[in-house]
Number of protein chains: 2
Amino acid sequence: MVSISTKGIYGVAAMHALYKSPNAKLMQIKEIAAMTHISHGYLEQILSSLKKSSLVVSIRGIHGGYKLAHDAEKIIVLDIVESLEGKLFVPNENVGASIVLDSFWADMQEQTRKVFDIKLCDLDKSYQTFFYEI
Amino acid sequence: MVSISTKGIYGVAAMHALYKSPNAKLMQIKEIAAMTHISHGYLEQILSSLKKSSLVVSIRGIHGGYKLAHDAEKIIVLDIVESLEGKLFVPNENVGASIVLDSFWADMQEQTRKVFDIKLCDLDKSYQTFFYEI
DNA sequence: AGTTAACATAGTAATTCACTTAGGTATTAG
DNA sequence: CTAATACCTAAGTGAATTACTATGTTAACT
């Protein structure tokens with residue numbers, strides 16, 4: 001089945017929560033977990049990965065928490081998902097029986113990745129489109 | 001990791017082999033397996049699924065084999081992959097913490113599926129494009 | 001010093017993947 | 001008729017992945 005795992009979906013949800021945080025205030029794992037219904041422990045791992053990829057920054061200690069590492073204009077969904085799940089839609093090497101098909105799948109990968117080239121700040125647009133279309 | 005499993009890739013390879021068969025002649029599992037380097041037993045399962053989805057037809061007995069059920073113009077890659085792997089990129093239900101994100105993922109699914117809306121007969125084009133661009 | 005929250009690693013049950021194994025059934029050559 | 005061939009089907013299997021949980025460590029604030 002072709003799908004993004006919950007890890008990637010959780011990651012986007014967490015990043016979205018940070019983006020929506022008023023005045024870009026620090027958010028604690030606790031808060032994000034409550035908002036998104038992601039398990040606390042699992043979210044810790046996810047945020048840790050996002051930090052390694054420099055998508056978020058953290059502050060430790062009693063008033064610690066997370067915030068976006070950059071402006072939401074500079075963060076794309078593809079980076080979030082790929083930092084958590086590895087490169088999207090990798091062409092499998094030992095399957096290639098023909099150059100034609102290899103070329104085809106490489107093309108598919110490229111186009112699929114393009115679909116996820118969406119800025120974090122534009123994430124709400126599909127909902128708004130839906131809303132205004134009524 | 002986000003990727004199409006080998007099952008889907010094998011399915012497309014097998015369908016492509018049938019499409020390329022001269023005069024749309026029947027091909028035996030043996031032949032397709034040899035061409036594509038897919039294991040015989042696994043390919044049997046895949047072709048069986050493709051048959052259930054009415055993408056190929058089969059003839060049994062000593063001179064049996066497979067051929068496309070319809071013209072290659074009427075078969076799209078999305079149908080091949082989804083008949084083998086289930087619907088592409090299903091939005092996970094219990095993850096939806098917000099309507100905004102649900103809406104976003106539904107949108108992503110739609111767009112990803114559109115990428116795979118490619119006719120079997122157009123499958124060689126990415127290679128040709130590559131070739132002529134040199 | 002003690003509380004709190006981020007950080008790190010290991011473990012685990014359940015599921016999926018990519019097959020293999022073992023047979024059954026339809027068709028036809030001889 | 002019967003043996004051979006090829007399609008058809010179900011069940012099993014080892015390895016990998018998923019979505020966590022558990023346990024402990026380190027940093028910062030009061």
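These legends describe close-up views of a predicted model with protein chains and a DNA strand.

Local features in this predicted model need pLDDT of at least 70 and side-chain atom pairs count only at pLDDT 80 or more, whereas totals for chains, interfaces and linings use all residues. Residues are numbered from 1 along each chain as its sequence is written, chains are lettered from A in the order in which they are written, and side-chain values use heavy atoms, with hydrogens and water left out.

View 1. Of the atoms of DNA strand C that come within 4 Å of the protein, sugar and phosphate account for 68%.

**View 2. Side chains beside phosphate and base oxygens of DNA strand C.** For B:Arg60, a polar side-chain atom lies 2.7 Å from a base oxygen of DNA strand C.

**View 3. The interface of chain A and chain B.** In this view, 42 residues of chain A are in contact (heavy atoms within 4.5 Å) with 42 residues of chain B. The two chains bury about 3900 Å² between them, 76% of it on carbon and sulfur atoms, where buried area is the accessible area (1.4 Å probe) that two parts lose on being put together, summed over both.

Methods: Near = heavy atom within 4 Å. Polar contact = N/O pair within 3.5 Å; in protein donor to acceptor, adjacent residues only side chain to side chain.
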